[in-house]
Amino acid sequence: MLKFLPVARLAVPIALMPLGAFAQSAKPAQLPASSAAPALEYRSVLEGYKRFDDVKVQPWKDSNATVGQVGGWRAYAKEAQDSPASAPPAPGQAKP
């Protein structure tokens, strides 16, 4: 029984190969000669390209002063905590 198994592994695929010929269509479908191909139009992928412009950055001392006036990192942490995105899920809704 065990000696037959390797032969069967080769024999079955070889026996099924001719069946692939039946999956082929007899003749490809032909379009009528009067039908014209639709007009092609070219659209470049770079059509909507916007050139990178350097953004003027304020000095870091001014940025730090602005953060200090707002309330520092604690103000940003409180803002993130109060946002609805971090609210707990409603009952019956699983968190992904």
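In the predicted model, K78 and D82 both belong to helix α3, which spans residues 72-82. The two residues are 4 positions apart, a separation of about one turn of the helix. Their side chains meet in a salt bridge, with a nitrogen-to-oxygen distance of 3.7 Å. By the rule applied, which requires a side-chain nitrogen of Lys or Arg within 4 Å of a carboxyl oxygen of Asp or Glu, the count comes to 1 salt bridge. Both partners are exposed. K78 has a relative accessibility of 52% and therefore counts as exposed; D82 is likewise classed as exposed because its relative accessibility is 51%, the cut-off for this class being over 50%.

The secondary structure of the protein comprises 3 helices and 0 strands. Read from the N terminus, the order of elements is α-α-α. Helix α3, which carries the K78 and D82 pair, packs with helix α2, formed by residues 60-70. The crossing of α2 past α3 is left-handed.

A nonpolar patch on the surface is formed by V12, L16, L19 and F22. Together, these four residues present about 450 Å² of accessible area. One of them, L16, lies in helix α1, which covers residues 4-16. The relative accessibility of L16 is 49%, so this residue counts as partly exposed; the exposed class begins over 50%.

Over the protein as a whole, the accessible surface comes to about 10300 Å². Carbon and sulfur atoms account for 63% of this surface. Of the 96 residues in the protein, 2% are buried, a class that requires a relative accessible area under 20%.

Note on methods. Residues numbered from 1 in each chain as written. Predicted model: local features only at pLDDT ≥ 70, side-chain atom pairs only at ≥ 80, totals over all residues. Heavy atoms only, no water. Buried < 20%, exposed > 50% of the residue type's maximum accessible area, 1.4 Å probe, protein only. Patch = residues over 30% accessible without salt bridge, like charges linked within 9 Å, V, L, I, M, F, W, Y side chains within 5 Å. Areas by Shrake-Rupley, 256 points an atom, 1.4 Å probe, with all protein chains shown as cover. Axes fitted to C-alpha atoms, helices over the stretch in contact; angles between N-to-C directions. Left-handed = near helix turned anticlockwise from the far one by under 90°.
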